[in-house]
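Q: Could you take a close look at the aromatic rings in this model and walk me through how they are arranged?

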Amino acid sequence: MNHTHGQARLWRTLAGLALAGLFAGACGNSGDDDVASDATTTTADGGSEAGSDELVPLSGVPGVTDEEIAFAVLGTGAASSPIGGCQLTCYVAGIEAYFDYRNSEGGVHGRQLVIGEVLDDELMNNQVKALEIVQDEEAFGVFALPVLPSGFPELGESGMPVYAVTANAPESAGYDNIFNLSGASCLRCSRPYYPHVASLVGASKVGALAYGVSQGAKDCSAGQVASFERWGDDLGVEVGYQNDDLAYGLPNGIAPEVTAMKDAGVDVVFMCTDANAVLTLEQELERQGMSDVVVFMQQSIGDPTIFERGGSLIEGNVSFTLSVPGFAPGEAAATYSEWIAKSEISADEMAHTYAVQGWLNAATAYAGLVAAGPEFDQAGVVAATNGIEDFTADGLMPPMDWGRQHEPWTEDDPSANGPDPTCVIFGEAVDGEWRLFAEDPAKPWSCWDAEALTGDVLPEPDQLAFE
């Protein structure tokens with residue numbers, strides 16, 4: 001493959017934790033034998049059907065009137081987030097786009113879906129803002145994209161449905177009303193997609209780099225190393241260099257680490273950092289004559305700014321996504337693209353990684369409402385959502401078994417609470433855009449059943465589409 005690359009310590013700790021968590025999400029879960037089915041097809045995909053339900057007046061249900069069902073959004077705004085950019089804004093855009101889509105079909109149970117308020121937790125005030133939502137009793141449910149989910153216990157104890165995107169969040173574990181797209185993930189557990197993508201690019205020596213300011217980043221790197229220790233021998237790939245103690249933001253550069261990787265013969269690098277560190281690494285690789293080294297960029301597909309910032313340095317890099325990108329074929333992706341295009345955020349500023357997450361969280365909320373029926377309340381929607389065993393949002397994500405994803409899985413028993421199947425979509429940066437690795441774009445998902453991952457031999461993934 002051609003690869004041409006042309007505050008204080010507390011703040012750094014919080015930032016490192018946030019970045020490691022957001023870039024190391026888990027895949028969907030499914031306990032159903034027919035992984036290509038979708039609960040929305042049978043219980044929540046009626047669109048206009050659901051919208052035409054006769055209105056049943058309800059009383060005493062927070063956020064619900066005869067006209068609408070109101071939700072709150074809680075997250076970290078760009079001014080306070082170490083990630084910055086369009087994170088919360090684009091997430092909200094994705095929720096609004098999905099609501100607009102369903103409202104155009106009549107809404108659900110005779111009511112429109114709306115966002116009542118958006119609360120910026122300013123990084124450190126997530127618990128305070130969560131308590132405000134719970135005590136105000138003006139929201140039926142909450143959409144959450146926090147950097148630090150300190151308010152999740154309060155939301156969990158409230159019993160209201162919570163739709164979240166936060167990896168490595170022990171605060172959400174054990175609450176059956178928190179529906180986290182990342183599940184209750186195990187960062188230190190091995191994952192098949194790391195060694196698989198290394199083999200795809202013909203690598204034999206791996207470099208693993210991570211910020212040292214947070215346990216989350218260290219766990220992310222440990223999970224990558226564990227993946228190669230488990231399956232590397234089978235694929236002829238080994239870890240040649242690891243450093244999980246990088247200073248946040250790389251204030252002193254990364255020259256010594258690149259030199260060490262050069263001496264070790266590293267030809268692919270996996271990072272548990274932010275995108276800025278990736279660009280710093282790319283510049284140093286080129287300076288030291290290592291422009292052919294491939295860099296694995298955590299979930300960068302869908303970020304339109306990465307090529308703008310990195311230019312030719314990004315060329316040939318690889319990444320993955322946990323949801324179908326808008327440029328992929330298929331009706332679900334086309335529907336998302338159609339409605340997100342109506343957003344006030346311009347196309348060149350829209351970070352689809354976050355917008356799709358908002359769309360998927362909103363689709364989960366809709367599915368639970370439809371499944372609960374017209375005489376719904378918060379407890380009923382939580383119970384109905386937990387009964388959905390293979391949710392795919394019409395094919396935009398791998399099957400998720402909502403009822404068994406509330407506890408972290410373990411290395412010894414990944415199928416109990418972990419992803420089954422484990423699925424990702426691989427992409428490569430070519431000519432300033434992301435292109436799918438899949439030979440058949442109609443089947444973009446590379447998937448491994450949990451049973452196939454119990455040994456030391458990594459099988460080829462199945463190429464699947466979900467509907």
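**Aromatic rings up close**

A: Happy to. Let's begin with a charge and a ring: the charged end of Lys342 lies over the ring of Trp339, 5.0 Å from its centre. Please keep in mind that this is a predicted model.

The structure contains 25 aromatic pairs. One of them joins Phe71 and Phe143, whose ring centres are 5.2 Å apart; their planes stand at 40°, so this pair is tilted, given that stacked needs under 30 degrees and edge-to-face over 60. The two residues come from distant parts of the chain, 72 residues apart: Phe71 belongs to strand E1 (residues 68–75) and Phe143 to strand E3 (residues 141–145). Phe71 has a relative accessibility of 1% and therefore counts as buried. Phe143 is buried as well, at 0%.

Tyr163 and Phe179 give us another pair to look at. Their ring centres are 5.9 Å apart and their planes are at 25°, so the pair is stacked. Tyr163 has 0% relative accessibility, so Tyr163 counts as buried. Phe179 is buried too, its relative accessible area being 0%.

Finally, the wider picture. Both pairs belong to one aromatic cluster, made up of Phe71, Phe99, Phe140, Phe143, Tyr163, Phe179, Phe376, Phe391 and Trp402.

Notes: Residues are numbered from 1 along each chain as its sequence is written. This is a predicted model: local features need pLDDT of at least 70, side-chain atom pairs count only at pLDDT 80 or more; totals for chains, interfaces and linings use all residues. Side-chain values use heavy atoms; hydrogens and water are left out. Rings of Phe, Tyr and Trp (its six-membered ring) pair if their centres lie within 6.5 Å; planes under 30 degrees apart count as stacked, over 60 as edge-to-face and the rest as tilted. Helices (H or I, at least four residues) and strands (E, at least two) are DSSP runs, numbered from the N terminus. Buried means under 20% relative accessible area, exposed over 50%, partly exposed in between (1.4 Å probe, protein chains only). A charge sits over a ring if NZ of Lys or CZ of Arg is within 6 Å of the ring centre and within 35 degrees of the ring normal.
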